[in-house]
Amino acid sequence: MKNYKIPTLTIAGSDSSGGAGVQADLKTFSAIGTYGMSVITAITAQNTKGVFMVEDLSKEIIKKQIEVVFDDIRPKSLKIGMVSSEEIIKEIAKTLDKYKPENLVIDPVMISKSGYSLLKPEAKQSMIEYLIPMAYIITPNTPEAEEITGIKIDNVEDMKLAGQKILELGPKFVLMKGGHLDGDAVDILIGKDIFKVYKSERLYRKNTHGTGCTLSSAIAAHLALGYDICESVKRSKEYITNAIRYSFDIGSGVGPVHHFYEIENKKI
Ligand SMILES: Nc1ncnc2c1ncn2[C@@H]1O[C@H](COP(=O)(O)OP(=O)(O)O)[C@@H](O)[C@H]1O
Ligand SMILES: Cc1ncc(COP(=O)(O)O)c(N)n1
């Protein structure tokens, strides 16, 4: 059930072309029916053809954005996307630690679909040490899970193995995304007492810019609305599958997925 007064927060980078990052997150929050808020970590000059420039914001303004949001409108859930440097990661972890946020979804963004590195290689270790242990759920794709665990992932068995290893780093749940493998799009949810497989047919679409951002925001929105973890992942998987199904050509490169807004016929 939608509730436009339920606050949900994204801490992520801005994508000027609107397909990924903060823009995708806010569209997803609105479409699923929560109140979206944003803490911007970096500005990217990006379009459907690639990422052309990135400027990180200062750790001071990132910290301040988090503080003023939490002090006034405490989010029911939040997601973290692009956080590019060790300095920014540590600042976010330290600031969030004061607020002990519930329902923290971490999308460990590393490399954009267009091949641009959005996480500095030397910052990977601080993401593992400071951020991942705080997560309620983390949603790595297979290249990210390989980077985190050192396990080469070629099939669902490898996904399970790597997922278990990530679980040992401290998050409550791990959603291993299988979009980068061949065949059906299989995601696996792993927790201490949970093992669930979410499968959809593979859709052969060119326009998949922002799929990971959209899925993690959808999970955050559903958690904020009060669904449990399995139901949140199930509904979010349905959301991203439809969003990919109806993704569209805009610009000349890899276009965005489609967000669905219900038109409410309310009297005003
Ligand atoms: N071609 C596809 N058809 C259907 N679902 C897909 C496809 N590609 C990715 N997905 C789904 O989209 C979500 C994002 O997955 P993935 O592409 O693995 O992550 P990322 O966008 O972070 O690289 C997952 O739920 C995955 O199963
Ligand atoms: C600001 C920002 N955050 C995340 C992504 C990853 O999205 P994708 O993997 O679809 O390029 C991106 N391209 N830009």
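## About the model

What you see is a predicted model, where local features need pLDDT of at least 70, side-chain atom pairs count only at pLDDT 80 or more, and totals for chains, interfaces and linings use all residues. Residues are numbered from 1 along each chain as its sequence is written, while chains are lettered from A and ligands numbered from 1 in the order in which they are written.

## Around ligand 1

Let's start with the ligand. Ligand 1 is surrounded by 18 residues, and a residue gets on that list if its C-beta atom, placed from the backbone, lies within 6 Å of the molecule. Asn141, Lys177, Gly179, Ala185 and Gly212 are the closest.

Strand E8 (185–191), helix H7 (211–224) and helix H8 (229–245) each give at least two residues to this shell, with H8 supplying the largest share, 4 residues. (Helices, H or I with at least four residues, and strands, E with at least two, are DSSP runs numbered from the N terminus.) Sorted by class, the shell has 5 nonpolar, 9 polar and 4 charged residues. Here Ala, Val, Leu, Ile, Met, Phe, Trp, Tyr, Cys and Pro count as nonpolar, Asp, Glu, Lys and Arg as charged, and the others, Gly among them, as polar.

## How H7 meets H8

H7 and H8 also pack against each other, at an angle of about 145 degrees and with their axes 8 Å apart. The axes are lines fitted to C-alpha atoms over the stretch in contact, and angles run from 0 to 180 degrees between N-to-C directions. Among the residues making the contact are Leu215 and Ile219 of H7 and Val233 and Tyr239 of H8; contact means C-beta atoms, placed from the backbone, within 7 Å. The contact residues of H7 and H8 divide into 9 nonpolar, 5 polar and 1 charged.

## Loop residues to look at

Now for the loop between helix H3 (86–99) and strand E5 (104–106), where you'll find Lys100. Lys100 isn't a glycine, yet its phi is positive, about 45 degrees. Asn103 lies in the loop between H3 and E5 too, and has a positive phi near 55 degrees.

Are these two buried or exposed? Lys100 is exposed, because it has 8 other C-beta atoms within 10 Å, whereas Asn103 counts as buried because it has 22 C-beta neighbours inside 10 Å. (Buried takes 20 or more other C-beta atoms within 10 Å, exposed 12 or fewer, and partly exposed is in between, with C-beta atoms placed from the backbone.)

Terms used: Contact = placed C-beta atoms within 7 Å.
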